[in-house]
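This report is meant for a reader who is meeting the structure for the first time. Please look through the sequence and the model before going on to the sections that follow.

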Amino acid sequence: MDCGSVRALINRFIDGELGYVETAEFQQHLDFCPDCSEELRELCELRGALAAWSGVRLAPPPGFADRVMAAVQRQPQPGSPRPLGEVVDGALARVDEVLGRVRLPHGRTIPVKNLLGWALAVVALVIGLGRRRGRDATQARTP
Amino acid sequence: MAPSNHQNWRLPPDPSRADLARAAAGDREAFRTIVERYGTMVYSVAYNVLGSHADAEDAAQDAFLRCYRSLPQYRSEASFSTWLFRLALTTAVDARRREGRQPEPVEMPEIVDQREASIGDHVDAATIVRALGDLPEDYRTPTVLRDLYGLPYQEIADLTGRPLGTVKVMVHRGRAALRLRLRAAGVRPAARANTAGVGHATDAVAGHEGGEA
């Protein structure tokens, strides 16, 4: 392995995505390459610092709890009848959970619900256009 | 699911079932106890994802409102703190997707306990905050989700609505950019730094625990 190949693999190594053979070749290269070793060390130091930073507690601004509670006061009681918009949002979220997502090429995923929505929109459009054409034809035949 | 690095938190104990039940029934004093107990955790997550005090406060408040509304649906399969942590993370990412981010000067957060500010042998908190603050937004959110909170790439793709391959590229570029910023700040780890086992550092991500609001 040369340095270019190793650098292309460093992130996959860090993420534990390399197979046994690749890992062995990767580490063999590191044994004699100070530049690649240093890059790996720096990335490890970085990730260690980021993981440690994730555990550092940051203080919310003064009065934060009061402002949250003032906003809570404006909320309906939990469990009380919800506004129609929220009911619809909740129902759509539940549909999402049940139907799941479909994977597209290149790894992108979209909710199945969205596909169904688009299909329904196309069907409604086709029906609407068909009915309009039928009406136009009827009017054209009427003297 | 439970982000693995949330174990870095010294989490406050979960509220008692009775307190949660009172809050779920609309007892605002009981809910205030939750806000006071978890405000720091929720705000910290929001700040790390969003990188500005104003955005973080809005997102943290939104997370508590979602919590208030969703409490009747909370089931105790996951611990309450794990459930709320996940809710805070999702709310902050949603805010980023909804509103984007304008470049702003880096705002240093106030650290609750300065003894926690020493986060590495060679890196201090201010250097990390500045380096994260300088990251382009496309890199920041995936990198924070991956390397601060240990989310699997597929989870990040689902949360951010980006293709899996794109997310990986963004994280790799984010790491490279952060490494260069740390270098520019004079951070050079000693040659003895141990990298053994790093390839499996984030594979310990906990499985799905459900309970997401």
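The side chains of Asp138(B) and Arg162(B) meet in a salt bridge, with 2.9 Å from N to O. Asp138(B) belongs to helix H6 of chain B, whereas Arg162(B) sits in the loop between H7 and helix H8 (164-184) of chain B, so the pair ties together parts that are 24 residues apart in sequence. Asp138(B) counts as partly exposed, at 36% relative accessibility, and Arg162(B) is likewise partly exposed, with a relative accessible area of 30%.

The model described here is a predicted one, and the distances and areas in this report are to be read with that in mind.

## Chain B and a buried pair within it

Chain B has 8 helices and 0 strands, and its elements, followed from the N terminus on, run α-α-α-α-α-α-α-α. Of the 213 residues in chain B, 53% are buried. When contacts in chain B between residues at least 6 apart in sequence are considered, 73% of them join residues at least 24 apart.

Another salt bridge within chain B is formed by Glu155(B) and Arg86(B), whose closest N and O atoms are 3.1 Å apart. This pair links distant parts of the chain, since Glu155(B) lies in helix H7 (residues 153-160) of chain B and Arg86(B) in helix H4 (residues 80-99) of chain B, 69 residues apart. Are these two residues buried or exposed? Glu155(B) has a relative accessibility of 11% and therefore counts as buried, the cut-off being under 20%, and Arg86(B), at 7%, counts as buried too.

## Where chain A meets chain B

The contact between the chains takes 51 residues from chain A and 71 residues from chain B. The area buried between chain A and chain B is about 5,800 Å², and carbon and sulfur atoms give 59% of this area. On the side of chain A, the residues that lose the most area to chain B are Trp53(A), Arg57(A) and Leu58(A), which together account for 14% of what that side buries.

Between chain A and chain B the count is 15 residue pairs in polar contact, with both residues at pLDDT 80 or more. Helix H1 (3-14), helix H3 (34-53), helix H4 (64-73) and strand S1 (101-103) of chain A each supply at least two residues of the side of chain A that touches chain B, and H3(A) gives the most to that side, with 16 residues. By residue type, the side of chain A that touches chain B divides into 24 nonpolar, 12 polar and 15 charged residues.

## Salt bridges between the chains

The structure holds 20 salt bridges over all chains, and the count between chain A and chain B is 10. One of the pairs across the contact is Arg67(A) with Glu57(B), for which the closest N and O atoms are 2.5 Å apart.

A further salt bridge is formed by Asp147(B) and Arg47(A), with the closest N and O atoms 3.0 Å apart. Asp147(B) lies in helix H6 (residues 137-148) of chain B and Arg47(A) in helix H3 of chain A, so this pair joins two chains. Asp147(B) is buried, with a relative accessible area of 3%, and Arg47(A) also counts as buried, at 8% relative accessibility.

## A network around Glu42(A)

Which residues are linked in a network of salt bridges? The network consists of Arg7(A), Glu38(A), Glu39(A), Glu42(A), Arg179(B) and Arg183(B). Glu42(A) lies in helix H3 of chain A, and at 4% relative accessibility Glu42(A) counts as buried. The side chain of Glu42(A) also makes a polar contact with the side chain of Arg183(B), at 2.9 Å.

## Confidence in chain A

The mean pLDDT of chain A is 84, and 93% of its residues reach 70 or more. Within chain A, confidence is lowest in helix H5 (residues 84-99), at a mean of 73, and highest in H4(A), at 92. Where pLDDT is low, the predicted coordinates should not be read in detail.

Definitions and conventions. Residues are numbered from 1 along each chain as its sequence is written. Chains are lettered from A and ligands numbered from 1 in the order in which they are written. Side-chain values use heavy atoms; hydrogens and water are left out. Contact means heavy atoms within 4.5 Å. Buried area is the accessible area (1.4 Å probe) that two parts lose on being put together, summed over both. A salt bridge is a side-chain nitrogen of Lys or Arg within 4 Å of a carboxyl oxygen of Asp or Glu. A polar contact is a pair of N or O atoms within 3.5 Å; within protein, one must be able to donate a hydrogen and the other to accept it, and residues adjacent in sequence count only if both atoms are side-chain atoms. Helices (H or I, at least four residues) and strands (E, at least two) are DSSP runs, numbered from the N terminus. Ala, Val, Leu, Ile, Met, Phe, Trp, Tyr, Cys and Pro count as nonpolar, Asp, Glu, Lys and Arg as charged, and the others, Gly among them, as polar. pLDDT is the predictor's confidence in each residue, from 0 to 100. Buried means under 20% relative accessible area, exposed over 50%, partly exposed in between (1.4 Å probe, protein chains only).
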